[in-house]
Amino acid sequence: IGGLYHNLGRETFLAPLFWDEEGWPVIGNNGCLDPVMEGPIPGTAEKSSVQEKYSFFDDFDGDTLDLRWNYIRNPQMENYELRGGKVFLRGSDVTLSTPCGNPTMLAVRQQAFENRVTATMEGDMVPGQSSGITVFYNQSAHYDIFVSREDDGFYVNLRKQVFDINVITERQKVNYNGRIRLRIDTSKDFHSFFYEVDGEWVLLGRGMTAGLCKETIFPMSFTGCFFGMFSENGTISFDSFAVEVKDEDLMSV
């Protein structure tokens, strides 16, 4: 990422280790590491593409949630229900930006820089409800695209939480009929947020990737971002959620 920012969390690197004649371990080339090194590996490495390894799809047809799903803090499990090939999220007044409590969010870890995240959201909404998908680092760093029900109808919104600034930067009135598809495209420079109208994707807005990187967020940590579904002040269902890695060579080396 430009300026050496990072949003994937801690990365694991392997280096060869040898034992010298006096029985001391020596890592790399006389204790020095190079970007690319050779060393013995026990067994045979399993070959898979970046897409196969890091892409993710869930249609919620199982009896239990996939183990790759994560919650914020300690979840209130009554707010999550699998039923009829959908997952139902019961949101409270605890939002993604609340520094404590139990927001209703299911999320998987971001594992590549360039992804396409899509979700199909369904269900009736009550006044004051906000439901959608997010790129989430922590309560003070996340970008969300969501549908809200207000007095004069339904809106699709782009919300940005950066430090203590929480603002809706883009919004469009939509004819929400109980079903909508939302999408996030991520890159090393920008995250782009879309919603679907009559089979066509409409760009709502963008957010700089640097706003969700460990060097810029508070408090600084090394956990990396998540892609997730959420609901606030009401119940919504999702019948699919997908993360597609967009190219083979997008992982860091």
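Residues are numbered from 1 along each chain as its sequence is written, and side-chain values use heavy atoms, with hydrogens and water left out. As the model is predicted, local features need pLDDT of at least 70 and side-chain atom pairs count only at pLDDT 80 or more, while totals for chains, interfaces and linings use all residues.

A search of the whole structure turns up 13 salt bridges (a side-chain nitrogen of Lys or Arg within 4 Å of a carboxyl oxygen of Asp or Glu). One of them pairs Lys86 with Glu122, at 2.7 Å between the closest N and O atoms. Lys86 sits in strand S5 and Glu122 in strand S7, so this bridge ties together parts 36 residues apart in sequence (strands are DSSP runs of E, at least two residues, numbered from the N terminus). Glu122 is buried at 11% relative accessible area, whereas Lys86 is partly exposed at 26% (buried is under 20%, exposed over 50%, partly exposed in between, with a 1.4 Å probe and protein chains only). Both residues also belong to a salt-bridge network with Arg179 and Asp239.

Arg159 and Glu232 form another bridge, 3.3 Å from N to O. Arg159 is in strand S10 and Glu232 in strand S15, so the pair ties together parts 73 residues apart. Arg159 and Glu232 are both buried.

Strand S15 also holds Phe226, which counts as buried at 12% relative accessibility. Its contacts (heavy atoms within 4.5 Å) include Asn70, Val108 and Phe136. Gln110 is touched too, and its C-alpha atom is 5.1 Å from that of Phe226, despite 116 residues along the chain.

Methods
Helices (H or I, at least four residues) and strands (E, at least two) are DSSP runs, numbered from the N terminus. Lists of a residue's contacts leave out its neighbours within four places in sequence.
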